[in-house]
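Hi everyone, thanks for making time this morning. I'd like to walk you through one protein model, starting with the overall fold and then stopping at a few residues.

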Amino acid sequence: FFYSSVSPASLDVASGAWSCPHIKRLGELNITGGCGGGKYCPQGLVTREQMAVFIVRALEGNPAANYCNGVAPFNDVPANSWSCGYIKKLVELGITQGCGNGKFCPGDNVTREQMAAFLARAFLDMD
């Protein structure tokens, strides 16, 4: 297993795993801090709010503290939630319009088709 002070999300990723260099680089760039306790949880699922964090950090870094400034971007994302700033920035960048009915569905897992849309909008300038 690798561990680096730059990449805290690594205690559960074998150094010989095909994903190791990718995960390590995401940690070095502060795109991910893992799933807690110095782990990355490589077989874990990703929620929509976690996906927002990955994409926003990859594009621009962390939004300013209190970025939502008391205004929630969706009905199901409280303005004081830990992910609000990332989700708000994702909307501003034109990467998401939510999951429908004024909601973002932050705790839902990201499907592969949603992942494709998020990544294409974020990195390939697609609508």
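One definition before we start: a helix here is a DSSP run of H or I with at least four residues, a strand is a run of E with at least two, and both are numbered from the N terminus. With that in hand, reading from the N terminus, the elements run α-α-α-α. So that is four helices and zero strands, because those are the runs that DSSP gives under this definition. Please keep in mind that this is a predicted model.

Let's talk about overall dimensions. The C-alpha trace spans about 45 × 30 × 25 Å along its principal axes. For 127 residues, a compact globule would have a radius of gyration near 14 Å, and this protein comes out at 15 Å, which agrees. Of the contacts with a separation of 6 or more, 57% are between residues 24 or more positions apart. Buried residues make up 32% of the 127.

Now let's zoom in on α3, which covers residues 84–92. What is buried in α3? The buried residues there are C84, G85, Y86, I87, K89 and L90. They pack against α2, residues 48–60, and also against α4. After α3 comes G94, with a positive phi near 75°.

T96 sits in the loop between α3 and α4, the latter being residues 112–123. Is T96 buried or exposed? Its relative accessible area is 5%, so T96 counts as buried. Setting aside neighbours within four places in sequence, T96 is in contact with R48, L90, V91, F104, F118 and R121.

Another threonine, T47, is found in the loop between α1, residues 20–28, and α2. T47 counts as buried because its relative accessibility is 15%, and the cut-off for buried is under 20%. Which residues does T47 contact, leaving aside those within four places in sequence? They are P106, G107, D108, N109 and V110.

For contrast, let's look at V71, in the loop between α2 and α3. V71 has 53% relative accessibility and therefore counts as exposed. Not counting residues up to four places away in sequence, V71 touches A79 and C84. V71 and G85 are 14 residues apart in sequence, with their C-alpha atoms 9.9 Å apart in space.

Finally, for anyone who likes checking backbone torsions, here are two residues to look up. N30, in the loop between α1 and α2, has a positive phi of about 60° although it is not a glycine. D125, in the segment after α4, also has a positive phi, about 55°, and is not a glycine either. D125 is exposed, with a relative accessible area of 74%.

Key:
Residues are numbered from 1 along each chain as its sequence is written. This is a predicted model: local features need pLDDT of at least 70, side-chain atom pairs count only at pLDDT 80 or more; totals for chains, interfaces and linings use all residues. Side-chain values use heavy atoms; hydrogens and water are left out. Buried means under 20% relative accessible area, exposed over 50%, partly exposed in between (1.4 Å probe, protein chains only). Contact means heavy atoms within 4.5 Å. The radius of gyration is taken over C-alpha atoms; the globule rule is 2.2 Å times the number of residues to the power 0.38.
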